[in-house]
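Try each task before you read its solution.

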Amino acid sequence: MLDLLDDTGPKRFPQLTRRIRYAGDIQGLWYLRGDLMGALAAMHGEVVARERIEAITDLFQGLLPGSLASRPSPLVG
C-alpha cells in the first residue's frame, strides 16, 4: 500500500502514510483502502486509483473474515 503512494505520497499524505505503516493488523489495512483510494485519486485520477486498489484488494483474499471480503458490485461492469 505504501508503494502505491510513490515518492510524493508521503509528503502529500503524511497521516495516511503513518496509518498504513503502523496498522496493527490486516483488518486495519483493509479499512484503509478507502483513504488510500482518495489519495491515489488525488494524485493520479479516479480510473488509475480504482485499478490500483483493485490490484491490492486481491492480496487480501483468504486473509479476512468472510464478512469483510469484498463482493462484486452490480454497478461495475
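**Exercise 1.** In which helix does Thr57 lie? Then decide: is Thr57 buried or exposed?

*Solution.* Note that the model is predicted. Step one: find the element. Thr57 belongs to helix 5, which covers residues 46-57. Step two: take the relative accessibility of Thr57, which is 11%. Step three: apply the cut-off. Buried means under 20%. Thr57 therefore counts as buried.

**Exercise 2.** Find the side chain with which the side chain of Thr57 makes a polar contact.

*Solution.* The partner is the side chain of Arg33, at 3.1 Å. Arg33 is in helix 4, residues 33-44. Arg33 is also buried.

**Exercise 3.** Describe how helix 4 and helix 5 pack.

*Solution.* Start with the geometry. The angle is about 145°, and the axes are 7 Å apart. The crossing is right-handed. Next, list the contact residues. Helix 4 contributes Arg33, Leu36, Met37, Leu40, Ala41 and His44. Last, sort the contact by class: eight nonpolar, two polar and four charged residues.

**Exercise 4.** Which residues of helix 4 are buried, and against what do they pack?

*Solution.* Arg33, Leu36, Met37, Ala39, Leu40 and Met43 are buried in helix 4. They pack against helix 1, helix 2, helix 3 and helix 5.

**Exercise 5.** What follows helix 4?

*Solution.* Gly45 comes next, with a positive phi near 100°.

Technical notes: Residues are numbered from 1 along each chain as its sequence is written. This is a predicted model: local features need pLDDT of at least 70, side-chain atom pairs count only at pLDDT 80 or more; totals for chains, interfaces and linings use all residues. Side-chain values use heavy atoms; hydrogens and water are left out. Helices (H or I, at least four residues) and strands (E, at least two) are DSSP runs, numbered from the N terminus. Buried means under 20% relative accessible area, exposed over 50%, partly exposed in between (1.4 Å probe, protein chains only). A polar contact is a pair of N or O atoms within 3.5 Å; within protein, one must be able to donate a hydrogen and the other to accept it, and residues adjacent in sequence count only if both atoms are side-chain atoms. Axes are lines fitted to C-alpha atoms, for helices over the stretch in contact, and angles run from 0 to 180 degrees between N-to-C directions. A crossing is left-handed if the near helix is turned anticlockwise from the far one by less than a right angle, and right-handed if clockwise. Contact means heavy atoms within 4.5 Å. Ala, Val, Leu, Ile, Met, Phe, Trp, Tyr, Cys and Pro count as nonpolar, Asp, Glu, Lys and Arg as charged, and the others, Gly among them, as polar.
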